[in-house]
Amino acid sequence: MIMEFDIKPLVGEATAYDKKQMLEVRRPKSWIKSVSAFANGEGGILIFGISDDDQVLGLSDAEGDAEKISEEIKSKLDPVPAVKLDLKEADGKKLVLLHVYPGQETPYYYIGDKQRLAFVRVGNESVVADRIQLKSLVLKGAGRTYDSLPSNYRFEDMAFTKLRSVHYKRLQRSFEDSEFVSWGIVDENGNLTNAGALLADESPVRHSRIFCTRWNGLGMTNGLGEARYILTCTMTGWRYTLPEA
């Protein structure tokens, strides 16, 4: 039995949603790129049966389209992301909702038309990941981040008096040398990481910024996900700003 539901909260232009008037069987890339983008990001939902102007048109063969969607995902995405297909009714018309979950094995590539492309979500669009975004996705899939990678600089050439001073002021105890590893300033082999290079007194990393955001609640998605304030650290120091309303 197909359940009736309220489509209104899901229509409109949004980063976490995408809508398609129909399943374009001959042009699967037109919608699979959004599956790739959602899996490479925070997840999302594709709604089939909604026009660009948010009219509920429905699908003539929702059940058949759902099967084709599943087949295309398995054949044109590498690796295959975690998804869920739902058949729904809105205004008496059948829709297919494709839930795409955020993946851990990034990048998720679209493979077809002799192409192998990873997509990311930018606003309400799914676009090809650029070189920097692709590198970040590869690191994420490998369980690593940019700040944890070894830098091109030597730990022995750096000083951390500002870090030690702030640490003592906040915690009322000295910063121990053994904490350089636990803080991620040096890796297990003693190499200065990118994080360490950014935190050094005279950081050699130019044109860089560190953003620190304080959120309401214990997480960004617990219903209280509003930023209370944002701190931006540049070469000239810290800057305090309030989030845009």
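Biologist: Across which strands does α1 lie, and at about what angle does α1 run to β8?

Modeller: Helix α1 lies across β4, β7, β8 and β9, and its direction makes an angle of about 65° with β8. Such an angle is taken between N-to-C directions on a scale from 0 to 180 degrees, with axes fitted as lines to C-alpha atoms, for helices over the stretch in contact, where contact means heavy atoms within 4.5 Å. Helices (H or I, at least four residues) and strands (E, at least two) are DSSP runs, numbered from the N terminus. This is a predicted model, in which local features need pLDDT of at least 70 and side-chain atom pairs count only at pLDDT 80 or more, while totals for chains, interfaces and linings use all residues. Residues are numbered from 1 along each chain as its sequence is written, and side-chain values use heavy atoms, with hydrogens and water left out.

Biologist: How many helices and strands are there in the protein, and in what order do the strands of the open sheet come?

Modeller: The protein has 6 helices and 12 strands. As a general idea, side chains in a regular strand alternate between the two faces of the sheet. Here 4 strands form an open sheet in the order β4-β7-β8-β9, with antiparallel pairing; β4 and β9 are the edge strands, each pairing on one side only. Two strands pair if DSSP finds at least two bridges between them. Strand β7 (residues 109-112) meets β8 over 4 antiparallel bridges, in which Y109 has A118 of β8 as its bridge partner. Strand β8 (residues 115-122) in turn pairs with β9 (residues 125-128), again antiparallel and over 4 bridges, and V122 is bridged to E125. The hairpin of β8 and β9 has 2 residues between the strands, and G123 in this hairpin takes a positive phi near 65°.

Biologist: How many of the residues of α1 are buried?

Modeller: Buried means under 20% relative accessible area, exposed over 50%, and partly exposed in between (1.4 Å probe, protein chains only). In α1, 10 of the 12 residues are buried, so this helix is largely enclosed by the rest of the structure; among them are W31, I32, V35 and F38. For the protein, buried residues make up 36% of the 245 residues.

Biologist: Which residues of the largest nonpolar core touch the most other members?

Modeller: In soluble globular proteins, nonpolar side chains tend to be buried together. A nonpolar core is a set of buried Ala, Val, Leu, Ile, Met, Phe, Trp, Tyr and Cys residues joined through side-chain atoms within 4.5 Å. The largest one has 22 residues, of which W31, L46, F48, I69 and L98 touch the most other members. Helix α1 supplies its largest share, 6 residues. A second, separate core of 11 residues includes F160, L163, V186 and A200.

Biologist: Is H99 buried or exposed, and which side chain does a polar contact join to that of H99?

Modeller: H99 lies in strand β6 and counts as buried because its relative accessibility is 16%. A polar contact is a pair of N or O atoms within 3.5 Å; within protein, one must be able to donate a hydrogen and the other to accept it, and residues adjacent in sequence count only if both atoms are side-chain atoms. The side chain of H99 has such a contact, of 3.0 Å, with that of D86.

Biologist: Where are the cis peptide bonds, and what is phi of K114 near?

Modeller: Most residues other than glycine have a negative phi, and most peptide bonds are trans. Here a cis bond joins D78 and P79, with omega about -10°, and another runs from T106 to P107, with omega near 0°. K114, in the loop between β7 and β8, has a positive phi near 60° and is exposed, with a relative accessible area of 90%. D54 also has a positive phi, of about 70°, and counts as partly exposed because its relative accessibility is 29%.
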